[in-house]
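I opened a new notebook page for this structure. Below is what I looked up, entry by entry.

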Amino acid sequence: YTKQIAKIFVKMKKHSFKKIGGFDINMNVTKFVLNQKGPFDNFETYIKSTFNSYLKIINKNEFKEYVPKFEKYMKTIKNISMSLTLTHTDIAPKNIMVNKDKITALLDYEWCCNAPSVEDILNCHSDLELHKYPMCEQEFFKILKKNKIPHKVSKKIKEIYEFSSMAMRLAYHRDWFYGKEKERKIFMKEKLKELDEMFERNKIK
């Protein structure tokens with residue numbers, strides 16, 4: 001399905017708007033559905049607002065000790081610009097409808113927005129686990145390159161989204177594991193270990 005996903009990806013990335021945000025019914029860029037923030041003029045204000053939305057929740061739960069560390073990390077985010085495109089934000093197996101080896105639909109556009117193109121690329125990489133299938137990964141990026149779709153993710157950008165993803169987990173972990181306390185504790189123990197290592201690599205105490 002790699003080639004089919006890549007072609008869908010290309011069609012989406014041909015559409016771009018000036019600001020970062022969600023869409024209203026007329027496809028005008030407006031506030032994001034999840035946090036009701038935006039629209040934003042640049043990446044820095046957008047990603048810091050995203051972090052702050054998570055930190056507001058974390059500050060009220062058992063992981064509030066991590067808030068100052070996230071705030072220190074946020075200060076390292078500056079002077080970054082990226083291509084903005086129509087972004088699905090959740091391209092994962094659960095949202096792909098298939099019939100007889102053919103992808104017939106991409107579902108769940110609730111969080112669809114105009115955002116940095118790399119967001120869908122990073123989601124595809126993790127949720128579709130392309131990195132586990134080198135040939136599929138090469139084919140995917142070959143199609144993007146052929147169609148002149150920005151697809152290279154710098155080390156810093158990848159790092160920013162890793163921290164953002166961790167902040168989201170600390171904020172919403174109880175919702176995700178409602179009624180599954182044992183699984184939640186195992187998941188968070190693993191993620192907190194990763195997060196501590198990430199802060200240590202960035203010399204944040």
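**Entry 1: a buried phenylalanine**

I started with phenylalanine 140, which touches Thr2, Ile5, Ala6, Phe9, Cys124 and Leu130, not counting residues up to four places away in sequence. Contact here means heavy atoms within 4.5 Å. This is a predicted model: local features need pLDDT of at least 70, side-chain atom pairs count only at pLDDT 80 or more, and totals for chains, interfaces and linings use all residues. Residues are numbered from 1 along each chain as its sequence is written, and side-chain values use heavy atoms, with hydrogens and water left out.

I placed phenylalanine 140 in helix H5 (residues 134–146). Helices (H or I, at least four residues) and strands (E, at least two) are DSSP runs, numbered from the N terminus. Is phenylalanine 140 buried or exposed? Phenylalanine 140 counts as buried, because its relative accessibility is 1%. My cut-offs are under 20% relative accessible area for buried, over 50% for exposed, and partly exposed in between (1.4 Å probe, protein chains only). I also took one distance: phenylalanine 140 and threonine 104 are 18 Å apart in space, C-alpha to C-alpha, and 36 residues apart in sequence.

**Entry 2: salt bridges**

How many salt bridges does a search of the whole structure find? The search finds 11. I counted a salt bridge when a side-chain nitrogen of Lys or Arg is within 4 Å of a carboxyl oxygen of Asp or Glu. Side chains of opposite charge can pair when their charged atoms come close.

I looked at arginine 174 next. Its salt bridge partner is glutamate 62, with the closest N and O atoms 3.0 Å apart. Arginine 174 lies in helix H6 (residues 155–176) and glutamate 62 in the loop between helix H2 (43–58) and helix H3 (67–74), so the pair ties together parts that are 112 residues apart in sequence. Arginine 174 is partly exposed at 41% relative accessibility. Glutamate 62 is partly exposed too, with a relative accessible area of 35%.

Glutamate 62 also meets the side chain of arginine 184 in a salt bridge (3.3 Å, N to O). This pair links distant parts of the chain, since arginine 184 is in helix H7, glutamate 62 is in the loop between H2 and H3, and they are 122 residues apart. Arginine 184 counts as buried, at 6% relative accessibility.

Glutamate 159 and lysine 156 form a salt bridge (3.0 Å, N to O). Both lie in helix H6, three residues apart, about one turn of the helix. Glutamate 159 is buried, with a relative accessible area of 17%. Lysine 156 is partly exposed, at 28%. Elsewhere, salt bridges that share partners join Glu62, Arg174, Glu181 and Arg184 into one network.

**Entry 3: surface patches**

I searched for patches among residues with over 30% relative accessible area and no salt bridge, joining like charges within 9 Å and nonpolar side chains (Val, Leu, Ile, Met, Phe, Trp, Tyr) within 5 Å. Lys and Arg count as positive and Asp and Glu as negative; His and the chain ends are not counted. I took the place of a charge as NZ of Lys, CZ of Arg, CG of Asp or CD of Glu. Accessible areas come from the Shrake-Rupley method with a 1.4 Å probe; for residues, only the protein chains shown count as cover.

Which residues gather in a patch of negative charge? I found Glu65, Asp196, Glu197 and Glu200 there, on the surface. Aspartate 196 is in helix H7 (residues 181–201). Its relative accessibility is 34%, so aspartate 196 counts as partly exposed.

The positive patch on the surface gathers Lys7, Lys11, Lys142 and Lys146. Helix H1 (2–13) and H5 each supply at least two of its residues. Lysine 7, in helix H1, is partly exposed at 49%.

Val33, Leu34 and Trp111 form a nonpolar surface patch, with about 270 Å² of accessible area together. Leucine 34 lies in the loop between strand S2 (29–30) and H2. Leucine 34 is partly exposed, at 41% relative accessibility.

Entry 4: Lysine 191 touches Met166 and Arg169, not counting residues up to four places away in sequence.

Asparagine 95 sits in the loop between strand S3 (84–87) and strand S4 (96–99). Asparagine 95 is buried, at 6%. Leaving aside neighbours within four places in sequence, asparagine 95 is in contact with His88, Asp90, Ala105, Leu106, Leu107 and Asp108.
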